[in-house]
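Dear colleague,

I am handing over the structure below, and my notes on a few of its elements follow. Please read them with the model open beside you.

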Amino acid sequence: MDSQIRCTWPLFTVSLTGFVQIGWYYFFSPHVQRNIAYGEGRRNRLDLYIPEKPNKQKPAVAFVTGGAWIIGYKAWGSLLAQELVERDVIVACIDYRNFPQTGVSGMVEDIAKGISFFCQNIHKLYLAGQSAGAHLAACALIEQAKKEASEEIPTLAWRASQFKAFLGISGGYNLPALSHHFHTRGFYRSFFLRVMEGEESLQKYSPELGVRSPDFQNAAHMLPATILFHGRADYSIPFLASVDFADALRFVHVQVTTKLYPEKTHTDLFLQDPMRGGQNQLVADILAVVHANDREAQEKDAAAPPRRRMVPECLLQLARKVSPF
């Protein structure tokens, strides 16, 4: 873990030019409304990204950023949100407490509150997450599906079935399997168990294991269609994490699709590729989902000019080599 933290600084340093541009957009764009409170906690905030002509009929994505459950922050979603809002998609990047402010249960609780706040009066809802954010969003979704299927809870602030799709980007969904992998990469098991609130919580907060549990069978039909995106060269969270989760979802008859990207690492999809400019395949695949039944939006997507490069290729390659993720 210490080696990962030491190596993170060069990753940000070499891409400083790109981050300055992202920061300028984040703090000064009229399309960004920052720090909207969704609860009473200090981290109960979200950033809202609004297109030129917003209305309730536009697709809206509730997005949960990653950060190894320790350094997650809503601003990390700014780059993806900017690309989506330019294509008429409303985006809310939900902040949440990290460890050691709370353990995994508190993170899931915060995210569920943020989702509840955002999804009121929105008709075309999508839930998305990246890395640890994909894991936590999936936990919140599965927990809500179980509540929705239970006759003991007649009124809910939000429902899993409200969402048209769940979009999981480079996520990990089986904590017992991941704990061993992380340990070999310096995220030591003893520390990971502190984040996850002990050995007994690993199964409870493993979406893959949760959907395979017999007591989830009656709730499976509440889950939305699921699309899992993952780079095949991801050594932080191996792409098989998404493949195995997809198999578990198919087992309970949830509609699921996997998009696997050759030679893409954990940060390529979310960081280096957007900064590279041109066509971003991940964004194109997300837009294909959220604009699936909107011919006009699809035509605009096809006609959109390629994005300009933010960072020289040599710096992106250097960032790729020094990144611990």
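This is a predicted model: local features need pLDDT of at least 70, side-chain atom pairs count only at pLDDT 80 or more; totals for chains, interfaces and linings use all residues.

Helix 3 (residues 78-85) passes helix 12 (residues 281-290) in a right-handed crossing, meaning that the near helix is turned clockwise from the far one by less than a right angle. The contact, counted as heavy atoms within 4.5 Å, is made by L80, E83 and L84 of helix 3 and by V283, I286 and L287 of helix 12.

Residues are numbered from 1 along each chain as its sequence is written, and side-chain values use heavy atoms, with hydrogens and water left out.

Helix 3 also belongs to a right-handed β-α-β unit, together with strand 3 and strand 4. Strand 3 (residues 60-64) runs parallel to strand 4 and is joined to it by five bridges, with A60 having I90 as its bridge partner. Strand 2 (residues 45-49), by contrast, pairs with strand 4 in the antiparallel sense over four bridges, and there D47 is partnered by C93.

In strand 4 (residues 90-94), five of five residues are buried (under 20% relative accessible area, 1.4 Å probe, protein chains only): I90, A92 and I94 point one way, and V91 and C93 the other.

Best regards

Notes. Buried means under 20% relative accessible area, exposed over 50%, partly exposed in between (1.4 Å probe, protein chains only). Helices (H or I, at least four residues) and strands (E, at least two) are DSSP runs, numbered from the N terminus. Two strands pair if DSSP finds at least two bridges between them. A crossover is right-handed if, with the strands pointing away from the viewer, the path from the first strand over the helix to the second runs clockwise. Axes are lines fitted to C-alpha atoms, for helices over the stretch in contact, and angles run from 0 to 180 degrees between N-to-C directions.
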